[in-house]
Amino acid sequence: MEPIKITVFQAYLFWENVEKNLQNLSLRLSGLKEKTDLILLPEMFNTGFTMNVSKCAETMNGPTMHWMYQHAKSYDCVVAGTLIIEENGNYYNRFVWMSPDGSFVHYDKRHLFGMSNEDQLFTAGNSRVVLNLKGWKVCPMICYDLRFPVWSRNLGAAYDLLVYTASWPDKRSAHWRALIPARAIENQAYVIGVNRVGYDGNEIYYSGGSMCISPMGDVVYYKPEDEDLYTFTLSPADLIKSREQLPFLKDADQFSL
């Protein structure tokens, strides 16, 4: 494992406007002042959290995938976030991990948010994914997944970094602030939550609160309210030390899901 630099973009999103969102993201990313290994974007970063699948769904060969590849190549780093994908007549809220060489891995959201009818329109994923970044094992999840600790349980130290890309509304921000540190502490891993800001087309307000929490529960990064592009470094030495000093993972209940 090597130290890794991660850039979180807590973005304002333009409702169901792919072209404008991608233009804004490109403009803001052009202000990056240092090399990074990973750029993390919010849930449905190209449209906002919409159920308008007939208008906003793309294919895996669509313009947003092409944009992700262009920027991964340009910045020589992984670019990751979720978008609506149509595939074989089904719709997925899909997290895409795009590498600079154009190869990618995806994770489909497991827990679909019934209060917005996401569960009626989208097909749920059924498998976790663990990715490699400079020796770090990275497990991506999406928004509502945060409420289900069994799905994210770090059995056998399966991952070192847990990532949630989200559109988490301000009215439940207290839950966001509580659950992300809980996931970090109970799983002895770094946890990053990247959220959006501003109002969406349904007049729902998002206050950001993107954060990175260490395995010990310490705040590495936290930003409420404003659009923000921020890069920080995670150290493997701190992760290893926390697990050696407090070897809780070995006593975890064993189960399969």
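Contact, as the word is used in this report, means heavy atoms within 4.5 Å.

## Basis of the model

The structure is a predicted model, in which local features need pLDDT of at least 70 and side-chain atom pairs count only at pLDDT 80 or more, while totals for chains, interfaces and linings use all residues. Residues are numbered from 1 along each chain as its sequence is written, and side-chain values use heavy atoms, with hydrogens and water left out.

Helices (H or I, at least four residues) and strands (E, at least two) are DSSP runs numbered from the N terminus. The UniProt record, in an unreviewed entry, lists residues 4-236 for "domain: CN hydrolase"; its positions are given in the numbering used here, feature names are shortened, and annotations may be inferred rather than shown by experiment. Over residues 4-236 the chain is 21% helix and 34% strand, and the C-alpha atoms at the ends of this range are 8 Å apart.

## The six-stranded sheet

An open sheet is formed by 6 strands in the order β5-β4-β3-β2-β1-β13, with mixed pairing, where two strands pair if DSSP finds at least two bridges between them. β5 (104-108) and β13 (228-234) stand at the edges with a single partner strand each, so one side of each is left without a neighbour in the sheet. Neighbouring strands of this sheet are turned by 30 degrees against each other on average, direction ignored.

Strand β1 (residues 4-10) is mostly covered, since 6 of its 7 residues are buried, a term that means under 20% relative accessible area, with exposed standing for over 50% and partly exposed for values in between (1.4 Å probe, protein chains only). β1 pairs with β13 in the antiparallel sense over 7 bridges, and Phe-9 has Leu-229 in β13 as its bridge partner. With β2, β1 pairs in the parallel sense over 3 bridges, and there the bridge partner of Val-8 is Leu-40.

β3 and β4 run antiparallel and are joined by 9 bridges, with Gly-81 placed against its bridge partner Val-96 in β4. Helix α3 packs on the sheet, touching β2, β3, β4 and β5, and its direction makes about 165 degrees with that of β3.

## Packing of α1 and α3

Two packed helices are described by the angle between their axes and the distance between the axes. The axes of helix α1 (residues 18-29) and helix α3 (residues 63-75) come within 11 Å and cross at roughly 5 degrees, the axes being lines fitted to C-alpha atoms, for helices over the stretch in contact, and angles running from 0 to 180 degrees between N-to-C directions. That crossing angle makes α1 roughly parallel to α3, on a scale where angles under 35 degrees count as roughly parallel, over 145 as roughly antiparallel, 65 to 115 as roughly perpendicular and the rest as oblique.

From α1, Val-18, Leu-22, Leu-25, Ser-26 and Leu-29 meet Pro-63, Thr-64, Trp-67, His-71 and Tyr-75 in α3. By class, this contact has 7 nonpolar, 3 polar and no charged residues; Ala, Val, Leu, Ile, Met, Phe, Trp, Tyr, Cys and Pro count as nonpolar, Asp, Glu, Lys and Arg as charged, and the others, Gly among them, as polar.

Asn-21 is also found in helix α1 and is buried, with a relative accessible area of 1%. Leaving aside neighbours within four places in sequence, Asn-21 is in contact with Tyr-12, Leu-13, Phe-14, Phe-45, Asn-46 and Thr-47.

## Strands β6, β7 and β8

Strand β7 (residues 136-142) is mostly covered, with 6 of its 7 residues buried. Strand β6 (residues 131-133) runs antiparallel to β7 and is joined to it by 3 bridges, whereas β7 and strand β8 (residues 161-165) pair in the parallel sense over 5 bridges. Val-138 of β7 stands opposite Leu-131 and also opposite Leu-161 in β8.

## Residues with positive phi

In the hairpin of β6 and β7, which has 2 residues between the strands, Lys-134 takes a positive phi near 55 degrees. Met-44, although not a glycine, has a positive phi of about 45 degrees; its place is in the loop between β2 (38-40) and α2 (53-56), and at 0% relative accessibility Met-44 counts as buried. Asn-88, another residue other than glycine, has a positive phi near 55 degrees and lies in the loop between β3 (78-87) and β4 (90-98), where, at 74% relative accessibility, Asn-88 counts as exposed.
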